[in-house]
Amino acid sequence: MTLRIRPAVAADLPGIAEVGARTWPATYLSFAGPEYVERDLAAHWSPAALERALAEALLLVAEDDGRVVGVVEVGEHDGVPTMWRLYLLPDRHGGGVGRRCSTLRSPRCRRARLRC
């Protein structure tokens with residue numbers, strides 16, 4: 001395993017979408033229902049939504065041997081730094097990837113005075 005956390009680029013968007021498609025049903029289906037999962041996947045994980053996130057927020061990917069296995073999105077809400085996404089493929093849970101993503105201090109975060 002060669003884990004790397006780095007800023008996302010446009011070529012990562014299909015891998016990021018796959019993370020959403022695999023994590024949202026596993027996370028929300030049992031209590032929120034299929035309509036919620038389908039609606040929010042379309043709203044927040046569509047190509048257009050991910051392109052917006054790439055342009056407007058700090059979007060990072062966790063990559064293992066060239067494969068996107070996780071995503072972090074940090075932006076602002078009413079001037080407050082906010083982590084909007086932290087999702088990992090289900091088979092990556094429990095291995096410390098999420099901890100590394102949530103404690104990452106990137107130069108872009110420091111410039112924007114965000115802790116991510």
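Trainee: What makes 42% of the 116 residues in the protein chain count as buried?

Mentor: Buried means under 20% relative accessible area, with exposed over 50% and partly exposed in between, using a 1.4 Å probe on protein chains only. Buried residues make up 42% of the 116 residues in the chain. Keep in mind that this is a predicted model, where local features need pLDDT of at least 70, side-chain atom pairs count only at pLDDT 80 or more, and totals for chains, interfaces and linings use all residues. Residues are numbered from 1 along each chain as its sequence is written, and side-chain values use heavy atoms, leaving out hydrogens and water.

Trainee: How do you know how many helices and strands the protein chain has?

Mentor: Helices are DSSP runs of H or I with at least four residues, strands are runs of E with at least two, and both are numbered from the N terminus. The chain has five helices and four strands, running β-α-α-α-β-β-β-α-α from the N terminus on.

Trainee: Why is the largest group of 24 residues called a nonpolar core?

Mentor: Because a nonpolar core is a set of buried Ala, Val, Leu, Ile, Met, Phe, Trp, Tyr and Cys residues joined through side-chain atoms within 4.5 Å. The largest such core has 24 residues, and I16, V19, W24, W45, L59, V71 and Y87 are those with the most contacts inside it. Two or more residues each come from β1 (3-7), α1 (13-32), α3 (47-56), β2 (58-64) and β3 (67-77).

Trainee: What makes Y87 touch V19 and W24?

Mentor: A contact means heavy atoms within 4.5 Å. Leaving aside residues up to four places away in sequence, Y87 touches V19, T23, W24, Y28, W45, V69, G70 and V71.

Trainee: How do you know that α1 bends at P25?

Mentor: The bend is the angle between axes fitted to the seven residues ending at a residue and the seven starting there. At P25 that angle is about 35°. The buried residues of α1, including L13, I16 and Y28, pack against α2 (34-44), α3, β2, β3 and β4 (80-88). After α1 comes G33, with a positive phi near 90°.

Trainee: What makes the lining of the largest pocket nonpolar, polar or charged?

Mentor: Ala, Val, Leu, Ile, Met, Phe, Trp, Tyr, Cys and Pro count as nonpolar, Asp, Glu, Lys and Arg as charged, and the others, Gly among them, as polar. The lining has nine nonpolar, two polar and four charged residues.
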